[in-house]
Amino acid sequence: MRQNMYFSALTIIFLSLLLAFSACKGKSENKVQETLGKGKTTMTLEKKEFGTMPDGRKIDLYILTNTNGMKAKIANYGAILVSLIVPDKNGKPDDITLGYDHLKGYLKETPYFGATVGRYANRIKDGKFTLNGEEYQLAQNDSDNHLHGGTKGFDKRVWDASPFENEDSLGVKFSYLSPDGEEGYPGNLSCTVTYILTEKNELKIEYEAQTDKATPINLTHHSYFNLESQGSGDILDHILYINAERVTPVDSELIPTGEILSVKDTPFDFTSPMAIGESIDRVSGGYDHNFVLNGEEGTLKLAARVSEPNKGRIMEIYTTEPGIQFYSGNFLDRSITGKSGKIYEKHYGFCLEPQHFPDSPHHPEFPSTILKPGEKYLKSTLFRFSTIMDNS
Ligand code: GLA
């Protein structure tokens, strides 16, 4: 009897240990798959609820994952890139863009985290321009100037979304019809922004638009990157190369003066890779400038390359645009708590926004940003990721 009791007790202990062990093993196997991000043999596209607009409209998050563990999460609110998860030199994935975990954050105030910016990226002086003899008054949302499309730009609109899959890529096409007069702009402008994730660890963004009245247009992408991982510290040690020998200087309101100056012997010379923090103290307020890209407008060319020494990620940006705005996160000031409870301090992220030059409607010497009826606006930008291991 006693022996039987011992025997059952031992059996129970043994079985419990076995159960605990297999639970742990299961967990750690899942963990490994999660960590390496390689549990998948095919690319996947999922749709999840992201939140609800004050008027009751539901907002979705599209999650694109490739088999290398790279993941892009995009919301149909603002066609915003909410998260970009990329493996580091050891294959460990991290989220490398700043933002919010929930829609609520984006509905409050956001400094354009991950946003699709339109109709016009950056500033238009006094929010005014004259086109075909007619003067247009735009929303003035940056003192007297117009910034990033106005009070309710494209980053604050709900877009229609259609996901699609190709053999070695998948994506989502977002569409939005900006009505005549919106934020003061002329013409009904129909736009699409397509995000595509490839097996080569590239995130492509393609822009298309057509209008029924001539209008300025300058769409861009406004992610704040930290290639170590979002919220982990400042980006001053990131090494930056910009394929630009010239820059458009700005006045005290960050409006281009119209000059186009050589970067030679200035803190804007990133033609040889340089740490972002190296000369930043010589730029009043930090970098917030448009660089004039070498090469031909309209052809996809290398615009910038950024590498982060610790985790070893490298990001290359290719674009058909003639310029790129380099913004070193100067206005981040601890007032925002972002994803995973991280507090964003000054220089915690940088933006490289492929675009036309700011305030072009006032500068006929800059490449034109006017889209006319019958024309098709077609632009593309590509973010390509690798690590120092791939290049060693
Ligand atoms: C752009 C502008 C900056 C700032 C940020 C967002 O990069 O040039 O001045 O507005 O967007 O805060």
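Colleague: Which backbone nitrogen lies 3.2 Å from a polar atom of the side chain of aspartate 95?

Modeller: Bear in mind this is a predicted model. Aspartate 95 sits in strand β5, residues 93–95. The backbone nitrogen at 3.2 Å from its side chain belongs to leucine 84.

Colleague: And what distance goes with the polar contact between the side chains of aspartate 95 and lysine 339?

Modeller: Polar contacts need N or O atoms within 3.5 Å. The side chains of aspartate 95 and lysine 339 are joined by one, at 2.9 Å.

Colleague: Is aspartate 95 buried or exposed?

Modeller: The cut-off for buried is under 20% relative accessible area. Aspartate 95 has 17%, so the label is buried.

Colleague: How many salt bridges do you get overall?

Modeller: Opposite charges on side chains can pair when the charged atoms come close. Here the cut-off is 4 Å from a Lys or Arg side-chain nitrogen to a carboxyl oxygen of Asp or Glu. By that rule the count is 16.

Colleague: Take lysine 376 and glutamate 208: how many residues apart are they?

Modeller: Their side chains meet in a salt bridge, 3.4 Å from N to O. This pair links distant parts of the chain, with lysine 376 in the loop between β28 and β29 and glutamate 208 in strand β14.

Colleague: Glutamate 297 forms a salt bridge with which lysine?

Modeller: Glutamate 297 is in the loop between β21 and β22, and its partner is in strand β29, 82 residues apart. The closest N and O atoms are 3.9 Å apart, and the partner is lysine 379.

Colleague: Is lysine 379 buried or exposed?

Modeller: Glutamate 297, at 37% relative accessibility, counts as partly exposed. Lysine 379 comes in at 14%, and because the cut-off is under 20%, lysine 379 counts as buried.

Colleague: How far apart are the closest N and O atoms of glutamate 345 and arginine 334?

Modeller: Both residues are in loops, glutamate 345 between β26 and β27 and arginine 334 between β24 and β25. Glutamate 345 is partly exposed at 28%, and arginine 334 is partly exposed at 48%. The closest N and O atoms of their salt bridge are 2.7 Å apart.

Note on methods: Residues numbered from 1 in each chain as written. Predicted model: local features only at pLDDT ≥ 70, side-chain atom pairs only at ≥ 80, totals over all residues. Heavy atoms only, no water. Helix = DSSP H or I, 4+ residues; strand = E, 2+ residues; numbered from the N terminus. Buried < 20%, exposed > 50% of the residue type's maximum accessible area, 1.4 Å probe, protein only. Polar contact = N/O pair within 3.5 Å; in protein donor to acceptor, adjacent residues only side chain to side chain.
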